[in-house]
Number of protein chains: 2
Amino acid sequence: MAAAWELVREEGLASLSMRDLGKRVGMRAQSLYSYFASKHEITDAMFLEGYQAFAGFMLRAIDDEQLANDPVGAAKTVARAFVDFCTSDPVRYQLLFQRTIPGFTPSPRSYAVAVDVYDRMREQLATIGVRDEAAVDLWTAVLTGLADQQISNDPGGDRWTRLVDRAVDMLLADIEMNTQDTGEKA
Amino acid sequence: MAAAWELVREEGLASLSMRDLGKRVGMRAQSLYSYFASKHEITDAMFLEGYQAFAGFMLRAIDDEQLANDPVGAAKTVARAFVDFCTSDPVRYQLLFQRTIPGFTPSPRSYAVAVDVYDRMREQLATIGVRDEAAVDLWTAVLTGLADQQISNDPGGDRWTRLVDRAVDMLLADIEMNTQDTGEKA
DNA sequence: GTCTATATTTGGATAGAC
DNA sequence: GTCTATCCAAATATAGAC
């Protein structure tokens, strides 16, 4: 798996081949079939690993103390964690969030894990005040947009990532304005 | 070219092959080389066509009257035009804005056209009040983010595109707050 | 578990006849 | 301009020896 990640970071997701992977780990491509039944299984394992890393990274990002004492700061911490996760590994970002690998569909098992991770992310967003569907969708769009522009147009730089805090202030102001206050406690 | 667009919309950008394209236009793959020196030339021509369509579509989107009488409405018109252009043809979006086609790099000539189009877009953004670099970058990130989520997670629907007007209000409020007013006229 | 040998498919591209 | 014939390369995958 480590060799596979190395390779796709060097050559791109679409260029991963059994031959290259075999060479990288010091064997023939055919020998890999003792470990994975197909190339698809390898990609699927990477997909799964990526989502597990995502969940771990995001859940470690904030602690209860910041959440209680500094909700806006907590929101920024979460947002920065998300964008950092995306930009730190563009190929992983492409595999997890863009799905542009020709012909790849995650297995039901991996897909289920991904869905579960999204559920936990939604819970985390709720804790920082991003609750209703439209707010979640806008939050997601803005942060993936920043990550995407950063990766596409200024790889390795910070032209877009440095806008994350500003974007969070913008989003929170918008959410406050657009949330129908029912007068009840949440 | 029309057949090539058809094919990539059906099968994806990466799956475009000379054989398929030949079949679609009623000839052998080899005969296509009378028209294009290579497959790369075809992709490059699509890239160029895409940017020309983009420029035409965006420049037609607003008229001077709306710009003068209703600046916020004009901003929304421009934003909607952009997102509509992106979501109306996901494959073209991928070719023009995502650059994930394995091995494709636009020719200098096509690239120059793309750069020129971006310059004109920046001028258009300036007319609706999006002027300094950070504002342009944030605007771009938010709208590509919406388009991207729409294409990836709700193709054919409107879960994200319906947030465009709200996003523009959000952006304009943010830009007004973050622009250092020098006290001079622009 | 790893190898060699091989099957099979796919796709870009060229040569040369007509 | 279009065809047939062909070359070449890359890639997944299987069979079977060791």
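**View 1. Aromatic pairs across the predicted model.** A search of the whole structure finds 22 aromatic pairs over all chains. Rings of Phe, Tyr and Trp (its six-membered ring) pair if their centres lie within 6.5 Å; planes under 30 degrees apart are stacked, those over 60 edge-to-face, and the rest tilted. This is a predicted model, in which local features need pLDDT of at least 70 and side-chain atom pairs pLDDT 80 or more, while totals for chains, interfaces and linings use all residues; side-chain values use heavy atoms, without hydrogens and water. Residues are numbered from 1 along each chain as its sequence is written, with chains lettered from A and ligands numbered from 1 in the order in which they are written.

**View 2. The tilted pair F57(A) and F85(A).** The two ring centres of F57(A) and F85(A) lie 5.6 Å apart, with 45° between the planes. F57(A) belongs to helix α3 (residues 39–61) of chain A, F85(A) to helix α5 (residues 71–88) of chain A, and 28 residues separate them. Helices are DSSP runs (H or I, at least four residues), numbered from the N terminus. F57(A) is partly exposed at 32% relative accessibility, and F85(A) is buried at 3%. Buried means under 20% relative accessible area, exposed over 50%, partly exposed in between (1.4 Å probe, protein chains only).

View 3. F54(B) sits in helix α3 (residues 39–61) of chain B and F97(B) in helix α6 (residues 90–98) of chain B, so the pair ties together parts 43 residues apart in sequence. F54(B) is buried, at 2% relative accessibility. F97(B) is buried too, at 16%.

**View 4. Arginine over phenylalanine.** The charged end of R92(A) sits over the ring of F85(A), 3.7 Å from its centre. In chain B, R92(B) lies over the face of F85(B), at 3.7 Å from the ring centre. The criterion: CZ of Arg, or NZ of Lys, is within 6 Å of the ring centre and within 35 degrees of the ring normal.

**View 5. Around DNA strand D.** DNA strand D is surrounded by 14 residues; R19(A) and Q30(B) are among the closest. Each has a heavy atom within 4 Å of the strand. A polar side-chain atom of S31(B) lies 2.8 Å from a phosphate oxygen of DNA strand D.

Note on methods
Helices (H or I, at least four residues) and strands (E, at least two) are DSSP runs, numbered from the N terminus. A polar contact is a pair of N or O atoms within 3.5 Å; within protein, one must be able to donate a hydrogen and the other to accept it, and residues adjacent in sequence count only if both atoms are side-chain atoms.
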